[in-house]
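Q: Could you walk me through the strands and helices of this one? I'd like the cut-offs as we go.

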Amino acid sequence: MAQSNLQPYPLRTYPLSLRQMTEEELAVVFAMTSRRPEPFDEIAQIVTAEKAEKFHERWVLGYGHASVAEHAVLHMAVENLSRLSADTLEDNRLSSYTEKSSRYQLFSRDYYHVPSELDTRVELRNMFKETCDHLFATYEKLISGVSAFLKGERTRRENETDKTYGFRLRREAIDSCRFILPAATLTNIGMTINARSLEHAISKLLSSSTNEEKDLGNALKEKGMEITPTLIKYAEYNDYMAAAFTQGKNFPDEETVETKWPIDAKLINYDVDAERKVVAALLYRHSNLGYERALFNSTNMSDDDRRKLLMDNLGSLGPHDTPGRELEMVDYTFEMTMDYGAFREFKRHRMQSYISQPFSPNLGIFTPPLITGSNLESTFRSAIAKAEEGYYQLATELSHVAPYLLTHAHRRRLITKINLRECYHLFKLRTQRQAHFSLRQVMDKALRLVVGVHPELFRHLSLRDIPDWWPYRTDSES
Ligand SMILES: Cc1cc2nc3c(=O)[nH]c(=O)nc-3n(C[C@H](O)[C@H](O)[C@H](O)COP(=O)(O)OP(=O)(O)OC[C@H]3O[C@@H](n4cnc5c(N)ncnc54)[C@H](O)[C@@H]3O)c2cc1C
């Protein structure tokens, strides 16, 4: 025990749950430490639900001290939401999500959302359902076809039971066949979110153009208010957010004919002074130099000295270590094109700033090699054609509903700005063997590009699975 009773103010750490306090009461106890001298557990004795409500009304809602709302945390279970709406829900980076995996689970034929916009449009609704039914039937057909193909390709491992062998093949098959599932496919999401973020998330949903997202916004508000009755009660539709859903619809669609965008990752922008900036930040942290002086010193170092300093700092990074904030001083902007399945995983990385374009069939599709290898490409492509036909039927009148019919094979394009520190995390995770194989391709390309421009800054990235082209291979890895 490092601390002793000799300290006039000994370190105390404890969970603040002395009695059954509500999330709003807890938030007030923490907030009150700003002005009150007592320890938290004493403050807790005087906070009641009524006091908490008044406090939040006055300070959080009245004076805009929104950070207090971050101490109220909600665990929300969201079930049977389309993947399209899940994207909007997960587009709140200060929250935590766990979502049902389409890689490890098999979905039944009716596991899709039918937009209520179609309730009064019988023909379109029938067409929508028919298209989804066809996509799900194709999904099943592809799984059995690919599994049969794999039986001839994958030998049984030593001591592998029938069940395990079958399970392994099925999982590999699912990984490729799930590309045919539409964006209307349902999912479940467990979300841990603080009340400040939730208020923002609800406003965004209420400002959406789809009924499903508006319904979700209303449900989150209603159920969320059972936990935090005051903090999210003014979450409303917002004109500015609503405009974000509709803007751009008037811009010309110049690239409709460019159906096969050839490059998966393009490095749009990077800092030519990156190495000097990272080293300057390291010098700054470990000295009392002003920043300009640190940058000057870094600039005037020899390349060898700069690299030695990088080695001293990053050379001891273990496989599970996170590099320091100095790496956040530089960032990279990429334009990436990836299938919707990969996009759904990529956008979950919260330390990036990504901006994606509207989901449409314009950029073509990704065809998983196993589908081609199993001689099922024509089945796959004819289901894609049906999905696109449905998309175009909806697009003229209900453009916000049309993307529900696009599949996980359809491509999406985005720009993203990622700092070097997040690059270390992202590339390690998404170039490993277990990563989604099409996302892995894009990440491999992006990594190649940054290694090409900043070889010294990526030298210390210890990848879990090292690609053939990796320039820093040691003899033991070759
Ligand atoms: C092979 C694989 C399979 C996966 N399968 C699933 C799945 O089935 N279902 C599923 O829901 N997810 C799954 N995930 C995880 C999910 O995709 C991650 O949430 C996503 O990759 C974001 O990455 P991240 O959480 O590591 O960190 P990022 O969002 O990239 O953030 C970078 C780092 O910042 C820190 N950080 C960011 N936000 C927080 C926070 N709120 N609290 C604390 N620290 C934070 C962490 O140190 C984190 O490593 C899978 C990931 C991989 C690689």
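A: Two strands count as paired if DSSP finds at least two bridges between them, and strands (E, at least two residues) and helices (H or I, at least four) are DSSP runs numbered from the N terminus. The model is predicted, so local features need pLDDT of at least 70 and side-chain atom pairs count only at pLDDT 80 or more, whereas totals for chains, interfaces and linings use all residues. Residues are numbered from 1 along each chain as its sequence is written.

Q: OK, what's the bridge partner of S96 in β3?
A: S96 is bridged to T192 of β3; β2 and β3 (residues 186-194) run antiparallel and are joined by four bridges.

Q: And what's the strand order in the open sheet?
A: The order of the three strands is β1-β3-β2, with antiparallel pairing. Because β1 (73-82) and β2 (96-99) stand at the edges with a single partner strand each, one side of each has no neighbour in the sheet.

Q: Switching to helices, which strands does α7 lie across?
A: Helix α7 (residues 195-206) lies across β1 and β3, at about 135° to β3, where axes are lines fitted to C-alpha atoms, for helices over the stretch in contact, and angles run from 0 to 180 degrees between N-to-C directions.

Q: How do α7 and α8 cross?
A: The axes of α7 and α8 (residues 211-224) come within 7 Å and cross at roughly 150°.

Q: Which residues of α7 make that contact?
A: On α7 they are L198, I202, L205 and L206, facing α8 residues that include L216, G217 and L220, with contact meaning that C-beta atoms, placed from the backbone, lie within 7 Å.

Methods
Contact = placed C-beta atoms within 7 Å.
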